[in-house]
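This report describes selected features of one protein chain. Please keep the sequence and the structure in view while reading.

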Amino acid sequence: MREERPIVALDFPSFEDVKSFLSQFPKEEKLYVKIGMELYYAVGPEIVRYVKSLGHSVFLDLKLHDIPNTVKSAMAVLADLGVDMTNVHAAGGVEMMKAAREGLGQGSKLIAVTQLTSTSEEQMKEDQNIQSSLVESVVHYAKKAAEAELDGVVCSAHEVEAIKTATSERFICLTPGIRPAGSAASDQKRVMTPAQARQIGSDYIVVGRPITQAEDPVEAYQTIRAEWNA
C-alpha cells in the first residue's frame, strides 16, 4: 500500500512556475505531485492535463465540501481529468462522501480530510466546538470515511496508528506536515520527519517547501525519498 514516492506539493501561483520547477527533473523521473487550491484556481484543469501529459501522478487536493449532489457532479468532472487521487472533507458526512465516491468512480483513489494539520486541539475545541480530544475527532472522521467506502484519509502522522487500529491496515493514511530533520515547521502544528512517518505506518507523505524552495530541488527530493524508503 505504501507509495515509495513522496508527493511533492506544487504550491505555486502560476503555470510558468510549475513548468520551471518540473523542468529541473530528468524526463524519466516520474513524480507524484499535489495540485492544491491556489494553483488549480489560478490555472484551471489545464494544469492537471499538463502534468499528466508528462507522465506524473496527480493528487488533486481541493477538499470538496458541499451538498451530496453538488459533490457528486464535481467528482464526475475530476474523474474525466484522470486524477490519481483526490479528496473531500469528512465533515461533509457519510452521505456526501458516498456521493463523492459514486461521482468519481473506482478509477481514482478518494480520501477524506479529518482535521487539518494546521489545527491544534485548542483551536478545534474553540473554533469547531468539538470537545473530544483531537485524536478522537480524527479517528471518528476516519471511521465515517471507511463507512462511506473511501480509500483512506488525510491525517497527521501522529494519528496513523490509531486510525489503522480503528479501520484496517489497508486504509490509506496520507500525511502532510512532513519536514526533514532540522527544517522549520512553518504553519504546520503537527509535523514529523519522513523516517518517523514511515516508522509509524504512513502510506503517503506530502512534502512542499523543503523541496520546492530548496537551492537544488532535485537533490532535496532524492534525499527525502531516500529517507522515506530507508
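Leaving aside its neighbours within four places in sequence, with which residues is Arg 5 in contact?

## Basis of the model

This is a predicted model, in which local features need pLDDT of at least 70 and side-chain atom pairs count only at pLDDT 80 or more, while totals for chains, interfaces and linings use all residues. Residues are numbered from 1 along each chain as its sequence is written, and side-chain values use heavy atoms, with hydrogens and water left out.

## Arg 5

Apart from neighbours within four places in sequence, Arg 5 is in contact (heavy atoms within 4.5 Å) with Lys 30, Leu 31, Tyr 32, Ser 57, Tyr 221, Arg 225 and Trp 228. Its side chain also makes a polar contact with the side chain of Ser 57, at 3.2 Å. A polar contact is a pair of N or O atoms within 3.5 Å; within protein, one must be able to donate a hydrogen and the other to accept it, and residues adjacent in sequence count only if both atoms are side-chain atoms.

Arg 5 counts as buried because its relative accessibility is 15%; buried means under 20% relative accessible area, exposed over 50%, and partly exposed in between (1.4 Å probe, protein chains only). Arg 5 lies in the segment before strand E1 (7-9); strands (E, at least two residues) and helices (H or I, at least four) are DSSP runs, numbered from the N terminus.

## The barrel

Eight strands close into a barrel in the order E1-E2-E3-E4-E5-E6-E7-E8, with parallel pairing. Two strands pair if DSSP finds at least two bridges between them. E1 and strand E2 (residues 32-35) pair in the parallel sense over three bridges, and Ile 7 stands opposite Tyr 32 in E2.
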